[in-house]
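Biologist: I have a structure open and would like to learn how to read it. Could we go through it together, one feature at a time?

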Amino acid sequence: VSNPVEGQTYTWKSNGATVGTGTTFTTLALNATTTYTVVASNPGCGEGTPVTVTATVSPALVAPQVANVSICAGATATFTVSNPVEGQTYTWKSNGATMETGTTFTTPALNATTTYTVVASNPGCGEGTPVTVTATVNYGTHNVVTQTACESYEWHGQVYTTSGTYTYNYENANGCASVDTLKLTVNYGTH
């Protein structure tokens with residue numbers, strides 16, 4: 001009671017049953033929002049008008065589920081909370097600094113594997129335990145082959161009959177742009 005009057009008794013009720021007396025009342029552990037009434041009474045005047053108060057229970061925090069992401073060097077990674085809960089806020093952090101708030105987060109372009117944290121919060125429960133996620137950075141493959149051949153040489157399905165430097169562009173097993181280089185010397189027989 002924020003403005004108690006000396007000589008009055010304050011009775012707290014839930015569903016008509018008395019659950020406490022005094023200017024303050026502490027509930028038992030609550031799992032749901034619960035409404036109480038408080039009534040002031042005076043031995044000579046009887047009971048006053050009941051005042052309704054509500055103890056609002058915020059839903060328990062649910063840890064965000066987020067999959068790690070693999071990208072190629074120089075790309076951005078996008079993380080998404082797969083189990084968003086209405087009323088929860090998701091804060092994405094890097095080295096303790098807030099990067100973004102929301103159910104998705106897109107990193108800046110990355111050239112090295114980087115970890116981030118995401119933490120769920122709501123007004124009634126504060127912050128939950130941070131969940132660590134990783135953006136794994138993969139790199140392209142760059143192989144150099146030096147070869148000497150007689151008359152011709154076949155490389156990646158192409159037949160070469162002239163000395164020179166040749167390249168072959170492809171995506172490696174990680175899906176990253178790659179290039180192989182062939183340094184070829186072709187020798188010819190005498191006839």
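Biologist: Which cysteines form a disulfide?

Modeller: A disulfide is called when two cysteine sulfur atoms lie within 2.5 Å. Here Cys-72 and Cys-176 form one, with their sulfur atoms 2.1 Å apart. Searching the whole structure gives one disulfide. The pair joins distant parts of the chain, 104 residues apart: Cys-72 sits in strand 6, and Cys-176 in the loop between strand 17 (164-171) and strand 18 (177-187). Strands are DSSP runs of E, at least two residues long, numbered from the N terminus. The link is left-handed, with -100 degrees about the S-S bond.

Biologist: What should I keep in mind about the model itself?

Modeller: This is a predicted model, where local features need pLDDT of at least 70 and side-chain atom pairs count only at pLDDT 80 or more, while totals for chains, interfaces and linings use all residues. Residues are numbered from 1 along each chain as its sequence is written, and side-chain values use heavy atoms, leaving out hydrogens and water.

Biologist: Is Cys-176 buried or exposed?

Modeller: Buried means under 20% relative accessible area, exposed over 50%, and partly exposed in between, using a 1.4 Å probe and protein chains only. Cys-176 counts as buried because its relative accessibility is 1%. Its disulfide partner, Cys-72, is partly exposed at 21%. Cys-125 is also partly exposed, at 36%, while Cys-150 is exposed, since its relative accessible area is 61%.

Biologist: Which strand pairs with strand 6?

Modeller: Two strands pair if DSSP finds at least two bridges between them. Strand 6 (residues 69-72) pairs with strand 13 (residues 131-138) in the parallel sense, over four bridges. The disulfide cysteine Cys-72 has Asn-138 of strand 13 as its bridge partner.

Biologist: How many bridges join strand 11 to strand 13?

Modeller: Five, and strand 11 (residues 114-122) runs antiparallel to strand 13. Thr-117 stands opposite Thr-132 of strand 13. When you look at any such element, remember that side chains in a regular strand alternate between the two faces of the sheet.

Biologist: What does Gln-8 touch?

Modeller: Contact means heavy atoms within 4.5 Å. Leaving aside residues up to four places away in sequence, Gln-8 touches Ala-40, Ser-41 and Asn-42. Gln-8 lies in the segment before strand 1 (9-14) and is partly exposed, with 29% relative accessibility.
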